[in-house]
Amino acid sequence: MEPLYLKILNDLKKKIFDGELRPGDQLPTEKELSETYKVSRITSKRALSELEKNGLIKRTRGKGSFVKKFENKVTNKKILLVLPFTDDFALGNLSESILSVTQEANYELSIVTHNYLNDITITELQNNFDGIICYANNDNQHLDLLFTLNQTNFPTILLDKEIPDLNLPTFLSDNFAGGIAATNYFVELGHKNIAYLFGNHEHPQSARQRYLGYIQSIINNTLPFHTAYNEDIYDEKK
């Protein structure tokens with residue numbers, strides 16, 4: 001259930017973006033909002049304060065809250081792409097493929113590592129960018145930030161890692177099919193002993209799905225499977 005102040009905040013945002021509340025229009029007072037939404041004055045005040053932080057309204061003591069006039073931006077809209085390592089080719093050529101799309105749509109793309117998110121506030125992020133594409137190392141990384149962005153309806157897309165608790169659009173590789181295809185390749189070459197080697201680190205979703213694809217291929221081809229290199233098995237086959 002979303003916090004009560006966010007309900008007010010999102011309703012007012014929608015009215016502003018839809019043009020129902022135009023630049024210069026006065027918003028309901030804290031008291032009026034508290035009566036309409038059946039909440040405390042503190043809750044309605046927080047919603048208005050967040051709107052002010054987002055640069056959508058101007059609050060003047062003794063006069064009220066008014067929708068700000070939007071200045072025409074000379075610069076393009078900005079998308080933030082967050083990667084574990086900006087030069088990690090193991091992730092695929094994500095930056096170039098995304099860049100071609102953003103350039104065609106007249107968007108500016110900024111590519112940063114996860115450390116960038118440790119030094120920026122939610123408000124700064126929302127004021128400086130129009131959306132974020134995040135490639136997380138695991139499904140707990142920056143969970144607080146992603147949760148808040150989701151609650152405020154800030155355009156956010158996840159790559160590679162799905163977070164079931166958040167209703168965020170996610171683009172995933174078909175790692176299961178990849179595991180099958182990789183194993184089938186060795187089968188087609190005539191190999192019978194095909195092992196799956198795990199690294200020393202915790203297995204992410206992607207590695208786990210590739211491993212399951214490997215098992216599926218082994219089962220389909222009625223072969224024994226091994227999850228690690230075994231010298232005894234190797235010696236027997238010499």
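Which residues touch the most other members of the largest nonpolar core? They are Leu 80, Val 82, Leu 117, Leu 125, Ile 132 and Leu 146, in a core of 17 residues. A nonpolar core is here a set of buried Ala, Val, Leu, Ile, Met, Phe, Trp, Tyr and Cys residues joined through side-chain atoms within 4.5 Å. Buried means under 20% relative accessible area, exposed over 50%, and partly exposed in between, with a 1.4 Å probe and protein chains only.

The model is predicted: local features need pLDDT of at least 70, side-chain atom pairs count only at pLDDT 80 or more, and totals for chains, interfaces and linings use all residues. Residues are numbered from 1 along each chain as its sequence is written, and side-chain values use heavy atoms, with hydrogens and water left out.

Five strands form an open sheet. Their order is β4-β3-β5-β6-β7, and the pairing is parallel. The edge strands are β4 and β7 (170-171), each of which pairs on one side only. Helices (H or I, at least four residues) and strands (E, at least two) are DSSP runs, numbered from the N terminus. Two strands pair if DSSP finds at least two bridges between them.

Strand β3 is mostly covered, with five of its seven residues buried. Seven bridges pair β3 with β4 (residues 107-113) in the parallel sense. There, Leu 81 has Ile 111 of β4 as its bridge partner. Four bridges pair β3 with β5, again in the parallel sense. Leu 80 has Ile 132 of β5 as its bridge partner. In a regular strand the side chains alternate between the two faces of the sheet. Strands β5 and β6 also run parallel, joined by four bridges. Ile 133 has Ile 157 of β6 as its bridge partner.

The largest share, three residues, comes from α7. A second, separate core has 16 residues, including Leu 6, Ile 16, Leu 33 and Val 39. Contact means heavy atoms within 4.5 Å.

Helix α7 has Leu 145, Leu 146, Leu 149, Asn 150 and Gln 151 as its buried residues. These pack against α1 (4-17), α5 (115-118), α6 (122-128), β5 and β6. Asn 153 follows α7. This residue lies in the loop between α7 and β6 (156-159). Its phi is positive, about 60 degrees, although Asn 153 is not a glycine. Asn 153 is exposed because its relative accessible area is 56%. Thr 222 likewise has a positive phi, of about 45 degrees, and is not a glycine. Its place is the loop between α9 (205-220) and β9 (225-226). At a relative accessible area of 70%, Thr 222 is exposed.

Four salt bridges were counted. The criterion is a side-chain nitrogen of Lys or Arg within 4 Å of a carboxyl oxygen of Asp or Glu. Glu 30 forms one with Arg 41, the closest N and O atoms being 3.7 Å apart. This pair links distant parts of the chain, with Glu 30 in helix α2 and Arg 41 in helix α3 (residues 41-53), 11 residues apart. Glu 30 is buried, at 17% relative accessible area. Arg 41 is partly exposed, at 46%. Excluding neighbours within four places in sequence, Glu 30 is in contact with Arg 41, Ser 44, Lys 45, Leu 48 and Arg 59.

Lys 53 forms a salt bridge with Glu 50, with closest N and O atoms 3.7 Å apart. The two are three residues apart in helix α3, so about one helical turn separates them. Lys 53 is partly exposed at 48% relative accessibility, whereas Glu 50 counts as buried at 19%. Salt bridges that share partners join Glu 30, Arg 41 and Arg 59 into one network. Lys 7 forms a salt bridge with Asp 11, the closest N and O atoms being 3.5 Å apart. These residues are four apart in helix α1, so they too are separated by about one helical turn.
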